[in-house]
Amino acid sequence: MRSDAVHRVLEAELAQARKRRGGQPPRVLDVGGGSGVWAVPLASAGCAVTVVDPSPNALATLQRRAADAGVADRITPLQGDTDALHAISPEGGADLVLGHGLLEVVDDVAAALREMAAATAPGGAVSVLVANRHAAVLARALTGRVTEALKLFQDPDGRLHDCAADTLQRRFDSDSVERAMREAGMDVELIQGQGVLSDIVPGSVLESTTGAAESLAELERLAAARPPLRDIATRLHAIGRVGG
Ligand SMILES: C[S@@+](CC[C@H](N)C(=O)[O-])C[C@H]1O[C@@H](n2cnc3c(N)ncnc32)[C@H](O)[C@@H]1O
């Protein structure tokens, strides 16, 4: 797997799950897993992954990717949505439940999180990755789209209602994602940022300045869990523990 802050935390989580399960492959449930951006590397790292997604096209791409990576036997694709998790999650619950890029598109965030918590084995974790509303404002302001930035800032859901290109139903901030997870009964152990500065620094700087890419990677690592920089990251990552 890659080695940004999110991947590092998930690797540690999976190592713990492997220990709890006496060396057996950790069971991962990837809700809204789409075409397998997370599922395929996790299967390659030795996990048994169930992907639940309503989109047949995404699941077909997932199956192609899994076959290309030689891990089709470790991935179970299921067409369904958050409402169906109780019927399809692994017996005893999953060690790790992912909801990456999911809470921005579901109709009912609270219900989705409750279903995800219920599908998690005691002691297991829910990993949530969401778009950050403050980063969306900043990105628009920095590229001169200040009217959009203002509308986004003022909108209660952090979205642009009159812009067809904005396909999300909502964006989050560190407080709102933490609150939503707590209300679903999880202990929130970590909130960190993914893409704190790397989405702001121009690529040309990284190419033309010796050592810049390494410095940026180190800066990302150090800033990921440290407010206030954490709170402007492009995506916010939260780990919720389910009663053990
Ligand atoms: C932005 S993609 C994220 C894909 C992947 N998790 C990732 O991080 O790259 C959102 C996915 O959620 C799926 N989705 C939308 N509504 C859903 C629901 N109610 N339950 C489960 N998945 C849903 C979509 O089909 C899509 O594949």
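The model is predicted, and every value given here is computed from it.

**The ligand site**

Around the ligand there are 15 residues, and those that come nearest are Gly 32, Asp 53, Asp 81, Thr 82 and His 100. Sorted by class, this shell holds six nonpolar, seven polar and two charged residues.

| Residue | Protein atom | Ligand atom | Distance |
|---|---|---|---|
| Asp 53 | polar side-chain atom | oxygen | 2.6 Å |
| His 100 | backbone N or O atom | nitrogen | 2.7 Å |

The domain assignment divides the protein chain into domain 1, which is made of residues 5–132 and 172–241, and domain 2, which covers residues 133–166. The centres of domain 1 and domain 2, taken over C-alpha atoms, are separated by 25 Å. To the contact between them, domain 1 gives nine residues and domain 2 gives six residues.

How much area is buried between domain 1 and domain 2, and what share of that area do carbon and sulfur atoms give? The buried area is about 510 Å², and carbon and sulfur atoms give 63% of it. On the side of domain 1, the residues that lose the most area to domain 2 are Asn 132, Asp 173 and Ile 232, which together account for 64% of what that side buries.

As for polar links across this interface, four residue pairs are in polar contact, counting pairs with both residues at pLDDT 80 or more, while the rule finds zero salt bridges between domain 1 and domain 2. The residues of domain 1 on the side that touches domain 2 divide into five nonpolar, two polar and two charged.

Note on methods: Residues numbered from 1 in each chain as written. Predicted model: local features only at pLDDT ≥ 70, side-chain atom pairs only at ≥ 80, totals over all residues. Heavy atoms only, no water. Near = heavy atom within 4 Å. Polar contact = N/O pair within 3.5 Å; in protein donor to acceptor, adjacent residues only side chain to side chain. Nonpolar A, V, L, I, M, F, W, Y, C, P; charged D, E, K, R; others polar. Domains from an automatic or database assignment. Contact = heavy atoms within 4.5 Å. Buried area = accessible area lost by both parts, 1.4 Å probe. Salt bridge = Lys/Arg side-chain N within 4 Å of Asp/Glu carboxyl O.
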